[in-house]
Amino acid sequence: MKYTDERSRPVPPLPSQEPVRLVDRHGRRHEHSSFTAPDPAVLAELHRAMVIGRRFNQQASTLARQGRLAVYPSSMGQEASQVGGVLALSERDWLFPSYRDSVAMVTHGVDPVETLTLFRGDWHSGYNPHQYRCAPQCTPLATNASHAVGLTYAARRKGRDVAALVLMGDGATSEGDAHEAYNFAAVWNTPVVFLIQNNHWAISVPVHRQSAAPTLAHKAVGYGMRGYNVDGNDAAAVHTVVKHALAEARDGGGPAIVEALTYRIDPHTNSDAPQRYRDAAEVEYWAERDPLARMEALLRNEQVVDDGLLEIYERDGEKVATAVRERMAGEDKLDPDSLFTDVYAAVPPALEQQRRGLAEELKGV
């Protein structure tokens, strides 16, 4: 039998080192040769979701300071990356969030209080993943990436048209789990888009000490994937590029890495001391590139919104914050038996024995 080289896939082009930008920081449209900003209705939806997300971040951070949450990793400043990516998903697609992606989950439709379950130390994931098409929020870096590849691979074998969006930070790209997921996704040609929110810091480690690649999007080249570099504070650009990458993946074009260049304004978590490793001038530089201010300026310039509509968006955000605050004010009545539910489809005998033993012990208490 004559040997043949089976590597017949076209070589993906090198990602551009210049991020895709459709709206500049002053709220003016920025022309791009390959991408066009979405219509005004989508832009308004993106801004409303960012306003709600910003208020949710503020409320969750306050709850952490009050001791109602054990910890909270704020995504202040990254709202455009999370909202832009999530709103590009179709109703049948799945979201695979990491621990800093609470705003993405709320935007995706997950109950805001259930979203905070991870940070309260409550049971399991706190919400039904199938109900929201949202995987359990993961704390270990990049473990969600392989899960997304597995789900889309299984869905394709069953003939289901399902794509997935994986959210990860720049620090997650240094984990072995990320590389395994990239490789399996590319080899199996699964419809997954890995959205890397490069916020410049993996806790206290800057990105230039993690990778020597021109951009993190260039990592896609070694796996035979498409790579895109986008301005992560431009919600219009993130939404457009992620939607394009998802459409290509669904059509058999394979997985892709999208790097969204953004910045974490708040500390890594409420227990972090960022002044020990980054300058205030750096934070100020990125604060001037606030994604919410950028989108609001565009919408005002093009007369898509006025003061009245913006006030409605603010009230919508306040309603979410108030509901979270009020619902988390009381003490939860925890049922120890719930530790055993939603773990196995068929409870193993050993676990059932533990369940009965705990129930008997609690009766004595």
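Predicted model: local features only at pLDDT ≥ 70, side-chain atom pairs only at ≥ 80, totals over all residues.
View 1. Leaving aside residues up to four places away in sequence, S75 touches N57, Q82, R100 and V103.

**View 2. The crossing of α1 and α12.** The axes of α1 and of helix α12, which spans residues 307-327, come within 8 Å and cross at roughly 35°, and the crossing is right-handed. On the α1 side the contact is made by A44, H47, R48, V51, I52, R55, F56, Q59 and L63, while α12 contributes L310, Y313, E314, D316, G317, E318, V320, A321, V324 and R325. Sorted by class, the residues in this contact of α1 with α12 comprise 10 nonpolar, 3 polar and 6 charged.

**View 3. Y153 in helix α7.** Helix α7 covers residues 143-157 and includes Y153, whose relative accessible area of 24% makes this tyrosine partly exposed, because that class lies between the limits of 20% and 50%. When residues up to four places away in sequence are not counted, Y153 touches W188 and T190. Y153 and D24 are 129 residues apart in sequence, and their C-alpha atoms are 38 Å apart in space.

Methods. Residues numbered from 1 in each chain as written. Heavy atoms only, no water. Contact = heavy atoms within 4.5 Å. Axes fitted to C-alpha atoms, helices over the stretch in contact; angles between N-to-C directions. Helix = DSSP H or I, 4+ residues; strand = E, 2+ residues; numbered from the N terminus. Left-handed = near helix turned anticlockwise from the far one by under 90°. Nonpolar A, V, L, I, M, F, W, Y, C, P; charged D, E, K, R; others polar. Buried < 20%, exposed > 50% of the residue type's maximum accessible area, 1.4 Å probe, protein only.
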